[in-house]
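I opened my notebook to record what I looked up in this structure.

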Amino acid sequence: MNGVIVYNGPSQWDGKPIVVVITGLWNRSNNPKTGDMLQSWILMRDIHPHEAIVSGRDESICGHCIHRRNEDGKRSCYVSMNAPGQIWKAFQRGRYPQVSPEEASVLVAGKKIRIGAYGDPAMVPVEVWKLLIRHASMTTGYTHQWREMSNEYSDFCMASVDTAEDAAHAKALVYRTFRCITADESLLDQEVLCPASAEAGKLTTCDECGLCRGSMSDRSTSIPTIAITVHGVGAGHFKPHTLRKGTEAHDPLQVDEQIRPA
């Protein structure tokens with residue numbers, strides 16, 4: 001057993017049941033880019049990740065993310081589904097005990113944690129994350145739902161953006177940004193390439209870098225925003241735009257009564 005369930009409740013997007021599993025508590029992650037960080041996985045509780053993608057029900061954990069599977073069956077998300085599928089199966093077998101966010105914060109204390117190795121952190125009540133990470137030594141996190149969800153997530157999440165217009169909008173909402181770009185795009189002012197990316201020469205790893213900690217409002221000096229060349233399993237299908245075709249602005253649920261596991 002290398003993980004725990006820290007949330008088992010409704011998605012803030014549509015109220016469907018989701019879970020958050022933290023892994024790497026005793027055996028470190030083997031992700032070469034992120035390094036030695038705990039990983040948090042936001043999953044549909046009752047639906048295999050692949051089935052959720054194909055059926056479109058992954059909206060409960062991904063919202064209106066433009067990298068979800070489109071009507072033509074193409075998906076530009078960088079995440080390979082091997083790990084989420086394995087973790088979901090282990091969850092279904094009862095491999096992970098349920099703990100409260102407060103109890104999990106003791107396990108996370110002094111460690112570095114990636115908020116949302118799969119799934120969007122904004123699908124989970126913000127108080128869950130605040131309780132979980134309060135004793136962590138460092139966090140990284142990203143949300144595509146910065147338009148519609150509370151900007152409280154900016155404390156520990158970057159706004160995932162795909163255009164310069166998105167970046168300007170997100171910054172006006174007090175977010176720092178993490179922008180996917182194509183190889184021929186130029187960087188914006190005060191934007192740097194992800195130091196852990198291949199195009200930057202893999203200068204470091206996420207656990208050593210720490211630039212993706214959200215607003216970093218405790219820092220007195222200006223902190224750059226981040227860009228990365230589109231990568232991962234869906235890179236060939238990437239088309240930057242601001243909203244998924246056929247979607248409208250979403251009115252998120254206000255789910256705040258259940259921050260402890262069921």
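**Entry 1: Ala-164**

I started with Ala-164, which is partly exposed, with a relative accessible area of 32%. I am working from a predicted model. I placed Ala-164 in helix H6, residues 164–172. Next I looked up its contacts, leaving aside neighbours within four places in sequence: Ala-164 is in contact with Arg-179 and Leu-188. I also checked Leu-187, which is 23 residues from Ala-164 along the chain. The C-alpha atoms of Ala-164 and Leu-187 are separated by 9.4 Å.

**Entry 2: the sheet**

I then turned to the strands. In what order do the 9 strands lie in the open sheet? I read the order as S1-S2-S3-S4-S5-S6-S7-S9-S8, with mixed pairing. Strand S1 (3–10) and strand S8 (191–193) are the edge strands, and each pairs on one side only. On average, neighbouring strands of this sheet are turned by 25° against each other, direction ignored.

Strand S2 (residues 17–23) and strand S3 (residues 38–44) run antiparallel and are joined by 6 bridges. Ile-22 has Ser-40 as its bridge partner in S3.

**Entry 3: helix H3**

I moved on to the helices that lie across these strands. Helix H3 (residues 82–92) lies across S1, S2, S3 and strand S4 (112–118). H3 runs at about 75° to S3. Which residues of H3 are buried? I listed Pro-84, Gly-85, Ile-87, Trp-88, Ala-90 and Phe-91. These buried residues pack against S1, S2, S3 and S4, and also against helix H1 (49–55). After H3 comes Gly-94, and I noted its positive phi, near 80°.

**Entry 4: helix H5**

Helix H5 (residues 126–133) lies across S1, S2, S3, S4 and strand S5 (138–143). H5 runs at about 150° to S4. Why is H5 largely enclosed by the rest of the structure? I found that 6 of its 8 residues are buried, so the rest of the structure largely encloses H5. The buried residues are Val-126, Val-128, Trp-129, Leu-131, Leu-132 and Ile-133. I looked up what they pack against: S1, S2, S3, S4 and S5, together with helix H4 (101–108).

**Entry 5: His-64**

I went back along the chain to a loop. His-64 is found in the loop between helix H2 (59–62) and H3. Is His-64 buried or exposed? His-64 is buried, because its relative accessible area is 12% and the cut-off for buried is under 20%. I also found a polar contact of 3.2 Å between the side chains of His-64 and Glu-59.

**Entry 6: cavities**

How many cavities of 30 Å³ or more does the structure hold? I counted 2. I followed up the second largest cavity, which has about 80 Å³ of space. Its lining includes Thr-140, Tyr-142, Cys-194, Pro-195, Cys-206, Cys-209, Cys-212 and Ile-226. S5 and helix H7 (206–209) are the elements that give two or more residues to this lining.

Methods: Residues numbered from 1 in each chain as written. Predicted model: local features only at pLDDT ≥ 70, side-chain atom pairs only at ≥ 80, totals over all residues. Heavy atoms only, no water. Pairing = 2+ DSSP bridges. Helix = DSSP H or I, 4+ residues; strand = E, 2+ residues; numbered from the N terminus. Axes fitted to C-alpha atoms, helices over the stretch in contact; angles between N-to-C directions. Contact = heavy atoms within 4.5 Å. Buried < 20%, exposed > 50% of the residue type's maximum accessible area, 1.4 Å probe, protein only. Polar contact = N/O pair within 3.5 Å; in protein donor to acceptor, adjacent residues only side chain to side chain. 1 Å grid on protein atoms, 1.4 Å probe; cavity = no way out; pocket = protein on both sides within 12 Å on 5 of 7 lines; lining within 4 Å. Points joined across faces, edges and corners; volume = space filled by probe spheres on them.
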